[in-house]
Amino acid sequence: MPLVKLARDRLLASIPTLIAVSLIVFFLARATSIDPVVQILGQTASSADRAQLAQQLGLNDSLIAQYWRWLTDAVRGDLGESFFTHLSVSTTIMERLSVTLSIVAVATLLAVVVGVGLGIVGATRPGSFVDNVLSTGIISGLALPSFWLAMLLALFFGVQLGWFPAVGFVPIGEDFVGWLRTVTLPAVALAVPAGAVFARQMRSSLIETLDKDYVVTLLARGVNPRRILFSYAVKNALVPLLSVVSIQVAIMIGASFVVETVFGIQGLGTYLIDAIVKGDYPALEGAALAVGLVVIIVNFVVDIAYGVANPKVRPQ
Amino acid sequence: MSNPVRPTTQAVDISATRASAAPRRTVHRILSSRKAVISGAIILGLIVIAIAAPLIAPYDPLAPDPSNALSGPTAAHWLGTDDIGRDTLSRLIYGIRTSLIASFEAVIIAVVLGVGLGLLIGYASGLADRIGMRVADAFQALPPILLALVLASVIGTGLVNAMVGVGIIFAVSFFRITRGEVLVQRELLYVKAARVGGFRLRAILFREILPNIAPTLVVQGAIALGMALLVEAMLGFLGVGQETTQVSWGTMLNAAQQYQLLQPVMTIAPGLAITAVVLLFNLLGDGINESIGNDRNRSGRAKAWFVRSGAPSTSRPPAVVETTAASDPATLAVSNLSVVTGGEGGTELVSAVSFEVRRGETVALVGESGCGKSMTAKALMGLLPPGVAVSEGSVRVGGVELVGADSRTLRDVRGNRIGMIFQDSISSLSPVHTIGRQLSDAVRAHKRVSRKEARRSAAELLTLVGVPNAEARLSDYPHQFSGGMAQRVGIAAALAGDPDVLIADEPTTALDVTIQARVLDLLMELRDRLGLAVVLITHDLGVVADSADRVAVMYAGQVVEYGEVGSVFARPQHPYTQALLDASPGVGSRVEEMATIPGSVPPPWEWSSGCRFADRCAFASRACSTAVPLVNGVRCVRADELQLRGLRREGASSDSTT
């Protein structure tokens with residue numbers, strides 16, 4: 001039951017954040033310097049035509065009224081339609097988001113598994129040759145721009161070796177093997193810097209954990225050191241890693257926008273950038289809101305996982 | 001892409017920083033960090049190159065030369081040329097300008113904005129604070145690159161504008177750091193304010209905060225520089241903030257994309273440059289962080305236990321001692337045990353300690369902190385920290401020599417033949433595992449039983465140590481136990497392997513006075529019921545008087561007096577024993593005369609070759625400067641001539657434990 005209460009508390013707490021996200025997204029989009037009316041009709045259109053189109057698009061109402069209309073529609077799942085393609089924004093976002101999220105999900109999995117593994121290796125032999133090599137690799141990984149790594153991966157594994165396609169994307173629903181082949185390189189490009197963050201965090205928190213009193217106590221009880229390491233210390237050290245994971249997911253979603261352009265993948269990134277350039281308000285607002293919602297959901301899941309991992313934060 | 005700018009990961013523990021607030025010392029320490037100085041120096045070098053770019057760059061970075069387009073590295077163009085024949089090296093050098101301007105611009109905006117808002121909102125608190133935090137949360141729910149793209153479009157194109165946007169985004173983490181510190185200082189000041197009276201609260205508040213967060217800001221700022229550079233590169237790559245007159249590494253990569261196959265140098269060079277500069281900023285941040293004492297990665301207690309196995313825990317092969325009658329498993333015989341740190345010829349922490357405990361007996365080790373009591377206990381278990389080792393002597397349990405034993409033997413001995421109880425009962429339990437799990441693992445460390453059986457044993461153990469409702473409490477976590485109950489759990493776990501010897505290292509020190517006696521009674525009852533040999537480490541002489549058979553008084557790593565509790569307390573022969581008795585509130589029964597021992601225990605490297613207590617001893621004479629052996633249980637050259645005052649009556653101790 002405490003977990004249910006925790007879930008309810010966290011859920012309630014994320015509502016104001018979501019409202020703040022919607023405000024930021026809407027008003028920032030409207031503050032952009034690009035006028036969609038000019039974009040659609042061109043510079044030469046008459047002012048009467050422009051006024052008529054602005055009226056049609058609902059841009060003449062007060063911003064507050066437009067925000068309220070957008071928000072109430074959004075709550076019902078309707079994000080309006082694109083000023084340019086007239087396609088439903090919700091439908092397009094679902095398609096594009098599934099592409100981006102599948103890349104980010106694979107990247108997260110890779111980064112966590114490899115990062116945690118390397119962190120354990122380093123933490124159990126601090127100061128050793130292996131640890132020094134790993135630490136050097138990790139701090140270099142932190143500095144790698146993921147889109148540049150993506151370019152190198154595409155060039156080497158895509159073009160030179162031909163192991164993976166250098167461009168394009170196959171949705172997971174269409175062909176699993178094809179999806180796996182197209183998702184690998186972008187996911188690796190995202191996973192390297194994020195994995196470096198996880199490895200670094202894991203290493204330092206595991207070293208700290210191994211210094212705790214209960215580790216000595218477990219040794220004094222004759223418990224096998226491997227068991228102490230893997231079932232006690234690692235579990236304790238993973239708790240602080242959780243919040244780092246949620247931060248990195250947000251960052252990976254952003255980095256994915258850029259990596260997608262390298263691989264010519266039609267994800268949320270290209271949709272967003274296109275919307276910004278053209279002043280396609282519904283598309284921009286919808287896509288940004290969707291990203292905010294995804295991150296808030298990830299944070300929520302992490303909070304619950306935190307409650308599962310750390311009994312102290314569960315409400316009594 | 002990593003984002004250490006956001007708090008949590010590499011975020012510096014503000015409370016840890018506080019101690020190092022003295023600015024001059026901080027600067028000095030940063031300058032003594034090789035990592036910080038070298039990376040800082042290279043960054044300064046880059047700044048010089050950026051300023052002197054027109055003098056250094058071999059070509060005009062914007063001048064096209066179509067006849068030389070897409071050239072590889074040649075003598076004329078060291079890094080080749082791009083698609084319209086511009087020199088890559090020159091563009092790279094000019095790119096440093098753009099990168100550094102962009103990074104510093106964003107970070108300066110972030111710091112000014114973030115710290116300013118943090119001070120204001122932290123000070124205002126209430127509704128403003130709640131709204132501020134929600135907005136901060138919302139900003140962090142949106143990826144930095146998304147916000148940067150939108151803000152770039154809001155503020156207007158051009159790199160300078162785009163980086164204003166990045167500065168606003170990065171301000172969020174500086175806002176959080178500052179606000180957190182304001183809240184901490186408020187708390188402190190509200191307590192102080194009552195005394196200060198009408199003093200200007202606001203002035204103090206702001207004066208206190210900036211020096212406290214300065215080191216954190218510097219570290220986070222250095223890392224934010226790297227982050228800003230990465231965002232700048234992404235924006236350039238995406239074509240946002242592109243200006244024809246400015247050369248940026250990101251835009252170079254954008255151009256390279258179409259010609260990757262024809263001229264890979266175009267792709268490789270700018271990417272390496274970005275990575276290198278971000279790395280420099282990160283190293284600078286790391287170096288500063290380590291030098292101000294926030295590095296938690298430098299520790300090595302784990303090393304010895306989890307990687308190597310089978311390494312002997314002594315620097316010398318075990319001395320062969322003739323077997324005495326001590327074959328009863330419940331006999332612990334310690335003879336001549338010395339512990340050193342720093343290897344052969346290092347500093348001695350424990351010097352030639354000897355004592356013996358048999359079944360049903362309790363031997364107490366007493367003395368002030370820093371006398372080597374706990375170090376002796378750890379040596380018995382083979383649990384000395386890395387760098388510390390037994391240099392001499394013997395520890396035998398039921399005839400088995402532990403000094404020099406391999407890790408396999410030690411593991412069998414721990415828990416199975418010797419159990420140990422620690423001072424801090426709660427922190428001796430893993431916070432994220434149930435009591436049942438921890439007890440079962442202790443049981444299963446020595447008995448091949450199923451999980452279910454182990455759990456049943458765990459419940460029996462809990463009942464044995466008097467935890468009510470044992471079965472149900474197995475699913476509870478340590479934080480749900482009181483200190484006294486947690487110590488009972490600790491005792492249960494120590495008994496899980498049916499040990500013959502129990503070492504209790506200050507088992508009641510951390511507990512409420514009312515609970516102490518009960519836990520101690522439990523220990524004594526278990527000793528009698530299970531026939532344990534108990535080594536009790538304590539500084540509470542009342543406890544010793546109540547429960548121990550013999551006492552070893554330790555001072556500065558040595559046993560200075562050893563004997564039956566009754567006679568030692570009634571007629572102490574060593575001045576230190578008398579001083580301890582005088583300083584004990586309950587035992588001496590003369591509370592109004594309660595004395596403290598002047599001075600303090602010297603650190604190991606200052607231990608003299610003569611009597612180590614001489615400096616603090618009221619009876620010291622010239623004879624005390626030569627080495628003193630332990631004769632008839634006392635280590636004092638003047639033992640025979642001194643008339644020391646003991647306890648008037650033994651029963652007087654009872655008030656300290658009830």
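This dialogue goes through some features of a predicted model and how to read them.

Colleague: What should I know about the conventions before reading the model?

Modeller: The model is predicted, so local features need pLDDT of at least 70 and side-chain atom pairs count only at pLDDT 80 or more, while totals for chains, interfaces and linings use all residues. Residues are numbered from 1 along each chain as its sequence is written, chains are lettered from A and ligands numbered from 1 in the order in which they are written, and side-chain values use heavy atoms, with hydrogens and water left out.

Colleague: How many helices and strands are there in chain B?

Modeller: Helices (H or I, at least four residues) and strands (E, at least two) are DSSP runs, numbered from the N terminus. Chain B has 23 helices and 10 strands. Of its 658 residues, 55% are buried, where buried means under 20% relative accessible area, exposed over 50% and partly exposed in between, with a 1.4 Å probe and protein chains only.

Colleague: Which residues of H3(B) are buried?

Modeller: Helix H3(B), residues 34-51, has 18 residues and reaches 26 Å, close to the 26 Å expected. Its buried residues are Ala36(B), Ser39(B), Gly40(B), Ile43(B), Leu46(B) and Ala50(B). They lie on the same side of H3(B) because they cover an arc of only 115 degrees around the axis; the arc is that of the directions from the helix axis to the C-beta atoms. The face turned away from that buried side carries the exposed residues Arg34(B), Leu44(B) and Val48(B).

Colleague: How many residues has the largest nonpolar core?

Modeller: A nonpolar core is a set of buried Ala, Val, Leu, Ile, Met, Phe, Trp, Tyr and Cys residues joined through side-chain atoms within 4.5 Å. The largest has 164 residues, and those with the most contacts inside it include Ile93(A), Leu206(A) and Val166(B). Helix H9 of chain B, residues 201-238, gives the most to this core, with 18 residues. Apart from it lies another core, of 73 residues, among them Val363(B) and Ala614(B).

Colleague: With which residues is Val166(B) in contact, leaving aside neighbours within four places in sequence?

Modeller: Contact means heavy atoms within 4.5 Å. On that basis, Val166(B) is in contact with Ala106(B), Ala148(B), Ala228(B), Val231(B) and Leu235(B).

Colleague: Where does His574(B) lie, and is His574(B) buried or exposed?

Modeller: His574(B) is in the loop between helices H21 (565-570) and H22 (575-583) of chain B. His574(B) is buried, at 1% relative accessible area. Leaving aside neighbours within four places in sequence, its contacts include Val560(B), Phe613(B) and Arg635(B).

Colleague: How many disulfides does the structure hold?

Modeller: A disulfide is a pair of cysteine sulfur atoms within 2.5 Å. The structure holds 0 disulfides over all chains. For Cys371(B), the nearest cysteine sulfur, that of Cys611(B), is 12 Å away. The sulfur of Cys624(B) is 5.6 Å from that of Cys611(B), too far for a bond. Cys371(B) is buried at 1% relative accessible area, and Cys624(B) counts as buried at 8%.

Notes. Expected span 1.5 Å × (residues − 1).
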